Amino acid sequence: MILSGWETVFFWIFSITAILAGLLTVMARNAVHSALFLISSLVSVGALFILLGAEFIAGVQILVYVGGVMVLFLFVIMLVNVGAEEEGRAPMFHRPLQVATALLFSLLLVLGLLNAINRAFGGPKDKEQAEQTAIARGAREQTLQTGATGVSRLSTETERVGNSLYTYASLPFEIASLLLLVAIIGSVMLARTLKQEAAADDVDPEVSLTAAGMQEMEGQG
Amino acid sequence: MDQLYIPVLGLIFQEASDGRLAKAIDGVKHPDLSKFLVIAAILFIIGVAGVLTRRNLLVIFMSIELILNAANLNFIAFSRYLQESGTGNPMAGQIFTVFIIVVAAAEAAIGLGIVIALYRNRETIWIDEIDLMKW
């Protein structure tokens, strides 16, 4: 897998954007700014997915992460009061010693990872192979069906993902649906207030508590 | 192009030999799998540092999303690599990514529900003030 030409330019643009936006997510004082920087980081990574030929995943990334999860995050940020941090009265980070230790271990982790990647890939491949790969990909794309406009060609990537999802990964697919159901019920249960719980049980919590206490006392007596 | 790059970069990296420098420039001009892995590793580390250093519970959640996203990038890069090398199941990486996104969505829903319940009870989202279970 070797990119060339315009793909290289877009690779560097989107990867640098993703990293800078990721850094700003962690560094931003305002939580809303953090969320917006995270959105731009996620969109950049989505663009890298398109560069890698995974159009369906890129679409899902934009729809689910940016359209769903991040909107949820923004709602919760609005619900929760974070005024003190924004005004600079409360510290953003932990105490300096804790931060220093955390960063030291992060540095060790990054060194280990980069060392491992460097060792596994002993330098870039030669140009001939890059050109061959590009030519092979171009030839493969020529066999694809043309789109309605006649300019671009239709990718069969989504079809392949769908096929694999229902054959190779059909059991995890069903389990994922169950997980989502549990998540929906769980988040509804967590976000309920005491009043709403009482309304759902049709009994005031204090009344039900005293009734249970009296039954217990009767049982002991 | 190379005639332009090599003298400029050669001034900056004095000790780098000509062959190594040309190789490095070629790596920049033709990014391969390792470049994607490096980008994903950097995003992962940023997320880990965010989880370990920030006090705001919501920003910690966002850092977790960043970590999951870095893992997704790795999976997709390896999926493409397998497609071109023709070994293994090339779609496995993309399928894994779909499930990671599903789990991330469920995790965000539950996690934010917990944040709201916590804020309702403790009136704080600073994780160093949430120390009920600490001895």
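## A guided tour of chains A and B

Begin by selecting α4(B) and α5(B), whose axes come within 9 Å and cross at roughly 175 degrees. This crossing makes α4(B) roughly antiparallel to α5(B), since angles over 145 degrees count as such. The model on display is a predicted one.

**The contact between the two helices**

Keep both helices selected and show the side chains. On the α4(B) side, the residues that meet α5(B) include Leu57(B), Leu58(B), Phe61(B), Glu65(B), Leu68(B) and Phe75(B). Their partners in α5(B) include Gly93(B), Phe96(B), Ile100(B), Ala104(B) and Val115(B). Coloured by class, the residues of this contact divide into 13 nonpolar, 6 polar and 1 charged.

**Leu82(B)**

Next, select Leu82(B), which is found in helix α4 of chain B and is among the residues of that helix that meet α5(B). Is Leu82(B) buried or partly exposed? Leu82(B) counts as partly exposed because it has 17 C-beta neighbours inside 10 Å, and a residue is buried only if 20 or more lie within that distance. Setting aside residues up to four places away in sequence, Leu82(B) touches Thr87(B), Gly88(B), Pro90(B) and Gly93(B). A distance label may also be placed between the C-alpha atoms of Leu82(B) and Ala92(B): these residues are 10 apart along the chain, and the atoms are separated by 9.5 Å.

**Helix α3 of chain B**

**The nonpolar core**

Which residues have the most contacts inside the largest nonpolar core? They are Leu48(A), Ala40(B), Leu43(B), Leu58(B) and Leu73(B), in a core of 69 residues. The elements that give two or more residues to this core are α1 (6-27), α2 (31-51) and α3 (55-79) of chain A, together with α3, α4 and α5 of chain B. Of these, α4(B) gives the most, with 13 residues.

Select Leu48(A) to view one of these residues. Neighbours within four places in sequence aside, Leu48(A) is in contact with Phe14(A), Ser15(A) and Ala18(A), and also with Leu73(B).

**Where the chains meet**

Colour the two chains separately. On the two sides of the interface, 64 residues of chain B are in contact with 75 residues of chain A. The elements that give two or more residues to the chain B side are α2 (18-29), α3 (33-53), α4 (57-85) and α5 (92-122). The largest share, 21 residues, comes from α5(B). By class, this side of chain B has 41 nonpolar, 13 polar and 10 charged residues.

**Chain A as a whole**

Of its 221 residues, 20% count as buried. Among contacts in chain A between residues at least 6 apart in sequence, 47% join residues at least 24 apart.

**Last stop: Trp126(B)**

Finally, return to chain B and select Trp126(B), which lies in the segment after α5. Trp126(B) is partly exposed, with 17 other C-beta atoms within 10 Å.

Key. Residues numbered from 1 in each chain as written. Chains lettered and ligands numbered in written order. Predicted model: local features only at pLDDT ≥ 70, side-chain atom pairs only at ≥ 80, totals over all residues. Contact = placed C-beta atoms within 7 Å. Helix = DSSP H or I, 4+ residues; strand = E, 2+ residues; numbered from the N terminus. Nonpolar A, V, L, I, M, F, W, Y, C, P; charged D, E, K, R; others polar. Buried ≥ 20, exposed ≤ 12 C-beta atoms within 10 Å, placed from the backbone. Axes fitted to C-alpha atoms, helices over the stretch in contact; angles between N-to-C directions. Parallel < 35°, antiparallel > 145°, perpendicular 65-115°, else oblique. Core = buried A, V, L, I, M, F, W, Y, C linked by C-beta atoms within 7 Å.
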